[in-house]
Each structure stands twice: as C-alpha cells, then as structure tokens.
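Visitor: I am new to this structure and would like to learn how to read it feature by feature. Could you take me through it slowly?

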Amino acid sequence: MSLKLKKLTLHFAIAGCMSVAFCAQADVKIGVAGPFTGPNASYGAQYWKGASQAVADINAAGGIKGEKIVLVQGDDACEPKQAVAVANRLVDESGVSAVVGHFCSSSTMPASEVYDEAGILTITPGSTNPLITERGMKDMFRMCGRDDQQGAIAANYMLDVLKAKKIAVIHDKDTYGQGLADATRAALAKRGTKEVLYEGLSRGEKDFNALVTKNWRAEA
C-alpha cells in the first residue's frame, strides 16, 4: 500500500472524527490497530509509518481546530482473539474517537463488532473479505479491493493469459486466504471451469507431501 493511500485512510478517519461531538477534547486520539508483531508485522510497520506521517503533517498545520492528534497503537498480531482484546482496550481504556485497522480480515471481523457497538468510526486499509462491509455496520469502511474482485481477476488471468486447463486452488484456512480462494473458485465456475483440486493448509504446517501428491494425481 502506498504512503499516499495510507495517509488518505487516516485523513478519512479524521474527517469522520470531526463530525462527532466527543472529538472535542485536549487530544484527538485515533487508534491504529494491526500486526506489529508476528509474521505480518511488516504490513503493520508500513501503515503505522504512513499514519504517523499524516499526523505529523496535520498537527504541523494546526491539528483539528487547534487540537493535536495522538495515535494509539494496538498490536493484534493478526490473531482474532488478540484483535478483540485490542479493540476493547482502544475503546474502553484509550478512549479513541476513530480506528485505522485492522489489517487481516480474520482480525477485522471480530474487532469491528466491538467498534460498532461503541459507535467508533473504523477504516481498514487492508481487509478484503466482502462480509466486512456487508453486515450493516454504518461506521465500518475499507480502503482496498474485495476478495470477490481479486478472485475474478485471478480466474481471468489463469484462463485467458495462462490458458490453464487444470487448476488447483489452495488456501491457508484463515479468513483472508480461504475467502480469496472461494472467490477465485466462484469466478472460475462462472467461466465454466471447475478446479481439479481444492485444499486448505493449516498455518505453520511444514509437511507438504500429501498436498504435493494430491496435486500430482490431479495433474494440475
């Protein structure tokens, strides 16, 4: 994600915050929730850097009606249970007015329920599962494409560019991975193609012998 898009995400969160009465306080607190540790930490570091730069620019220009923006970081490590704990802390302890996050769909889904109940404006910069913005949550937004859009592109590329005849669809069983796999599978079906293999791998699995054998037998 580009620095420009990260800054735009935060600007949207701030604009929404300005329309809420409780934003009028000594500092305008905005949560930035995502994976700052764990295997996806590089993504968290990227949008923390973008959010920090956006805040520096806005504060240098006078902040929001003279009030400074303060970022509050919440590390969910892309773990759903940890994401809920982070959401509760940002709402109950930190008193944030808006949240940029979370990143992984598996974290955003449960955490967004906490924010929705509290009436907190939330914008995810990276969660692509379609259900995130299809549950009637009026304060839940995203700044990225959805799985059903990506799945269609993947299917069209395999069929039109690679001219693939036998396709295997393999995912990692998490909300993002399986969601994207299902979207690709559905897009293939619309084009009249059924995958020869559909399998999921557990995160951290290191023995791929069974999967390789299935893939070989399916001639994908």
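Predicted model: local features only at pLDDT ≥ 70, side-chain atom pairs only at ≥ 80, totals over all residues.

Visitor: Does Asp139 count as buried or exposed?

Guide: That is read from the relative accessible area. Asp139 has a relative accessibility of 17% and therefore counts as buried, since the cut-off for that word is under 20%.

Visitor: Which residues is Asp139 in contact with, once its neighbours within four places in sequence are left aside?

Guide: With those neighbours left aside, Asp139 is in contact with Gly119, Ile120, Leu121 and Thr122. There is also a polar contact between the side chains of Asp139 and Lys138, at 3.3 Å.

Visitor: How many helices and strands does the protein have?

Guide: The secondary structure comes to seven helices and seven strands, and their order along the sequence is α-β-α-β-α-β-α-β-β-α-β-α-β-α. Of the 220 residues in the protein, 45% are buried. Among the contacts with a separation of 6 or more, 62% are between residues 24 or more positions apart.

Visitor: How many residues does the largest nonpolar core have, and which of them have the most contacts inside it?

Guide: A core is read by asking which residues belong to it and which elements supply them. The largest nonpolar core has 15 residues, and those with the most contacts inside it are Ile30, Val32, Tyr47, Ile69, Leu71 and Phe103. At least two residues of this core come from each of β1 (27-34), α2 and β2, and α2 gives the largest share, four residues. Another core, which lies apart from it, has 13 residues, including Ala33, Val99, Ala111 and Val114.

Visitor: Where is Val32 placed, and which residues does it touch?

Guide: Val32 is in strand β1, and its relative accessible area of 0% is why it counts as buried. Not counting residues up to four places away in sequence, Val32 touches Tyr47, Trp48, Ala51, Leu71, Val72, Gln73, Gly74 and Val100.

Visitor: Which residue lies over the face of Tyr198?

Guide: A charged group can also be placed relative to a ring, and here Arg185 lies over the face of Tyr198, at 3.8 Å from the ring centre.

Visitor: Which cysteines does a disulfide join?

Guide: The count comes to one disulfide, and it joins Cys78 to Cys104, with 1.9 Å from S to S. Cys78 is in the loop between β2 (68-75) and α3 (80-94), and Cys104 is in the loop between β3 and α4, so that the pair links distant parts of the chain, 26 residues apart. The link is right-handed, with 75° about the S-S bond, and both Cys78 and Cys104 are buried. As for Cys144, its relative accessibility of 25% makes it partly exposed.

Visitor: Which peptide bond is cis, and which residues have a positive phi?

Guide: Here one reads the backbone angles. The peptide bond from Gly101 to His102 is cis, with omega near -10°, and His102 lies in the loop between β3 and α4. Phi of Lys173, a residue other than glycine, has a positive value near 70°; Lys173 lies in the loop between β6 (168-171) and α6 (175-190) and is partly exposed, with a relative accessible area of 45%. Glu219 also has a positive phi, near 60°; Glu219 is in the segment after α7 (209-218) and is exposed, with a relative accessible area of 53%.

Technical notes. Residues numbered from 1 in each chain as written. Heavy atoms only, no water. Lys NZ or Arg CZ within 6 Å of the ring centre and 35° of its normal. Buried < 20%, exposed > 50% of the residue type's maximum accessible area, 1.4 Å probe, protein only. Polar contact = N/O pair within 3.5 Å; in protein donor to acceptor, adjacent residues only side chain to side chain. Contact = heavy atoms within 4.5 Å. Disulfide = S-S within 2.5 Å. Core = buried A, V, L, I, M, F, W, Y, C linked by side-chain atoms within 4.5 Å.
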